[in-house]
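Visitor: I'd like to learn how to read a model like this one. Could you walk me through it, feature by feature?

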Amino acid sequence: MVVDQVADGLSLRERVTVPGSASGADQPGSLAGGVRVTAHGPVLPIWVCAGCGSPWPCRTRRRELLIEYEDAPVSLSIYMASCLVSATQDMGWEPAGVLHRRFLGWLP
Ligand SMILES: [Zn+2]
């Protein structure tokens, strides 16, 4: 009897977990609110792309950011500047000019 209850508890937990994974598989890269999740996010503290291994922001992520911030270029500049500050702290060995070009030099 006790064993049956434990088994029921386990199967309940599985039932709770599986639908979340299934809905994620239905819409890869998307959240319920329509916000797109990129595979090309930064891996910290080394700031390489999780999607392609290039220095972040990689070519793909730059293109995505330009589209995402099409109507808010100032916000994109502020976001990238904040990333530059974090990256400068994380990668003290990298010359500041290189990081500046990498994070801000491609902005329109
Ligand atoms: Zn990438």
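This is a predicted model: local features need pLDDT of at least 70, side-chain atom pairs count only at pLDDT 80 or more; totals for chains, interfaces and linings use all residues.

Visitor: At what angle do helix H3 and helix H4 pack, and how far apart are their axes?

Guide: Two packed helices are described by the angle between their axes and the distance between the axes. Here, H3 covers residues 73–90 and H4 covers residues 96–104. Their angle is about 150°, and the axes are 9 Å apart.

Visitor: How are H3 and H4 oriented to each other, and why?

Guide: An angle over 145 degrees counts as roughly antiparallel. The angle of H3 with H4 is about 150°, so the two helices are roughly antiparallel to each other. As for handedness, the crossing of H3 past H4 is right-handed.

Visitor: Which residues of H3 and H4 meet?

Guide: From H3, look for Met80, Ala81, Cys83, Leu84, Ala87 and Thr88. Across from them, H4 brings Ala96, Leu99, His100, Phe103 and Leu104. Sorted by class, the contact of H3 with H4 has 9 nonpolar residues, 2 polar ones and no charged ones.

Visitor: Let's step back. How many helices and strands does the protein have, and in what order do the elements run?

Guide: There are 4 helices and 2 strands. Starting at the N terminus, the order is α-β-β-α-α-α.

Visitor: What share of the protein is buried?

Guide: Buried residues account for 7% of the 108 residues.

Visitor: Now the backbone. Which peptide bonds are cis, and where do their prolines lie?

Guide: Omega is the angle to read. Pro45 sits in the loop between strand S1 (42–43) and strand S2 (48–49). Another cis bond runs from Trp56 to Pro57, where omega is near 0°. Pro57 belongs to the loop between S2 and helix H2 (59–68).

Visitor: Which residue has a positive phi although it is not a glycine?

Guide: That is Trp47, with a phi of about 55°. Trp47 is placed in the loop between S1 and S2, the loop that also holds Pro45.

Visitor: And why does Trp47 count as partly exposed?

Guide: Count the C-beta neighbours. A residue is buried if 20 or more other C-beta atoms lie within 10 Å of its own. Trp47 has 19 inside 10 Å, so Trp47 counts as partly exposed.

Notes
Residues are numbered from 1 along each chain as its sequence is written. Axes are lines fitted to C-alpha atoms, for helices over the stretch in contact, and angles run from 0 to 180 degrees between N-to-C directions. Angles under 35 degrees count as roughly parallel, over 145 as roughly antiparallel, 65 to 115 as roughly perpendicular and the rest as oblique. A crossing is left-handed if the near helix is turned anticlockwise from the far one by less than a right angle, and right-handed if clockwise. Two residues are in contact if their C-beta atoms, placed from the backbone, lie within 7 Å. Ala, Val, Leu, Ile, Met, Phe, Trp, Tyr, Cys and Pro count as nonpolar, Asp, Glu, Lys and Arg as charged, and the others, Gly among them, as polar. A residue is buried if 20 or more other C-beta atoms lie within 10 Å of its own, exposed if 12 or fewer, and partly exposed in between; C-beta atoms are placed from the backbone.
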